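We will go from stop to stop, with something to select at each one.

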Amino acid sequence: MGTQDSPYLVERMQGFGTTIFAEMSSLAVATGSINLGQGFPDEDGPPEVLDAAIAAIRDGHNQYPPGIGIPELRHAVAAHQAKWYSLEYDPDTEVLVTAGATEAIAASLLALCEPGTDVVTFEPYYDEYAAGIALAGARRRVVQLRTPDWSFDADALERAITPATRVLLLNSPHNPTGKVFSVEELELVARLCVEHDLLAITDEVYEHLVFDGRHVPLATMPGMRERTITISSAGKTFSCTGWKIGWICAPPDLLDAVKTVKQFLTYVNGAPFQYAIATGLDLPGSVFRRAAAALEEKRDRLTAGLAEAGLTVFPSDATYFVTADISPLGETDGLGFCRTLPERCGVVAVPSVVFYDDKEAGGPLVRFACCKRLDVIDEAAARLRRLHA
Ligand SMILES: Cc1ncc(COP(=O)(O)O)c(C=O)c1O
């Protein structure tokens, strides 16, 4: 793992998840294993969205779109926030289209942080957070989500905030745990942001893939709309992770700051896909709920399979992922486990340790993706049962 204190960016960024994902994906190919490592679905999303992309290409929407995104998509994003969360954003000054949530997160961190800035986030963390914070020359301070229920200590959160803290980076619904932050937890986060005058960046890419509980954007909490950059993207909601259409909603001053960085990262991206996602966001609520229900069944089958294989499975209320503890198998090294799993039973997963600063806490945990066809999940579950045999 890289050290946060190294003067060299390359060292500060070493060992994050992407390297391990690549290793595990190569292992999956080399061994012909079922890949439950990286989170991408193996089925297409709504046909209306696919058709709209094809139509946009045929209609000639193939050149640079406007820097802030096409008006159709910015209006659709604003309408989506109003319809689902009663959050009002001006599509011309408060919505920015990005190259996936990935660019939105990086551009936001680069816009808001300087060398010496502290960023508070929760661990395990989506690995881009550590990399993005390192790229910005800032320092991460993490608060642990604890097994078995992924709760956190309110005092630990307060202690993590220093005079150098400018940003709190929240991911709900949360990858890798599947936690959906409760209203009480969001109220606490909001209170601390207001008290310490912090800006919030929230990553809500799994907003529509919630099975248990309800997704509540941090921006709806008192005092938060004016200090929050809300990020989401189309990849998970519409099963099109390769399209990389994301967006941010934020007050004009914060949006301008992110836009200034974004224009020199990608400038623009995905013109025809922006039309398709505008169509997707306008689809009726039933389409979104069906996608969540289908994934919920997959989550249930994978959870049952992992439990039958003898692992301790923690609750996942949302997202593409389920986390399990391998300790009941008499093993504690999740990385070693994942490196041998393809050979042992033909399944690939990722070691959660890459999402942790606290290597001991993350050591025995393994993340499995449930966003695969049901027959694939069932076959993976059958193979995993061999671990118990
Ligand atoms: C929590 C989280 N944020 C952001 C992303 C990246 O989203 P996008 O593909 O839109 O860049 C992912 C993708 O896995 C994710 O899990």
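Two strands count as paired here if DSSP finds at least two bridges between them. Keep that in mind for the first stop, and remember throughout that this is a predicted model.

**Stop 1: a sheet**

Select strands S9, S10, S13 and S12. They form an open sheet of four strands in the order S9-S10-S13-S12, and the pairing is antiparallel. Which strands stand at the edges? They are S9 (312–313) and S12 (350–351); each has a single partner strand, so one side of each is left without a neighbour in the sheet.

Now look at S9 beside strand S10 (residues 321–325): the two run antiparallel and are joined by two bridges. To see residues facing one another, show valine 313, which stands opposite alanine 324 in S10.

**Stop 2: the ligand**

Next, select the ligand. The space it takes is the largest pocket. There are 13 residues around the ligand, and those that come nearest are Thr102, Asp203, Ser233, Lys236 and Lys244. By type, the shell divides into five nonpolar, five polar and three charged residues. Which helix gives the most to this shell? Colour helix H5 (residues 100–112), which contributes four residues.

Then show these contacts one by one:

- Alanine 101: a polar backbone atom of this residue is 2.8 Å from an oxygen atom of the ligand.
- Aspartate 203: an N or O atom in its side chain is 2.5 Å from a nitrogen atom of the ligand.
- Lysine 244: a polar side-chain atom lies 2.7 Å from an oxygen atom of the ligand.

How much of the ligand's accessible area does the protein cover? On its own the ligand has 400 Å² of accessible area, and the protein covers 93% of that.

**Stop 3**

Before the last selections, some background: most residues other than glycine have a negative phi, and most peptide bonds are trans. The loops ahead hold exceptions.

Go to the loop between strand S3 (118–123) and helix H6 (127–135), where you will find proline 124.

Move on to proline 173, in the loop between strand S5 (165–171) and helix H8 (183–195). Here the bond from serine 172 to proline 173 is cis, and omega is near -10 degrees.

Finally, select tryptophan 150, in the loop between strand S4 (139–144) and helix H7 (154–160). Tryptophan 150 has a positive phi, near 60 degrees, although the residue is not glycine.

Conventions
Residues numbered from 1 in each chain as written. Predicted model: local features only at pLDDT ≥ 70, side-chain atom pairs only at ≥ 80, totals over all residues. Heavy atoms only, no water. Near = heavy atom within 4 Å. Polar contact = N/O pair within 3.5 Å; in protein donor to acceptor, adjacent residues only side chain to side chain. Areas by Shrake-Rupley, 256 points an atom, 1.4 Å probe, with all protein chains shown as cover. 1 Å grid on protein atoms, 1.4 Å probe; cavity = no way out; pocket = protein on both sides within 12 Å on 5 of 7 lines; lining within 4 Å. Sits in = over half its atoms within 2 Å of the grid points. Nonpolar A, V, L, I, M, F, W, Y, C, P; charged D, E, K, R; others polar.
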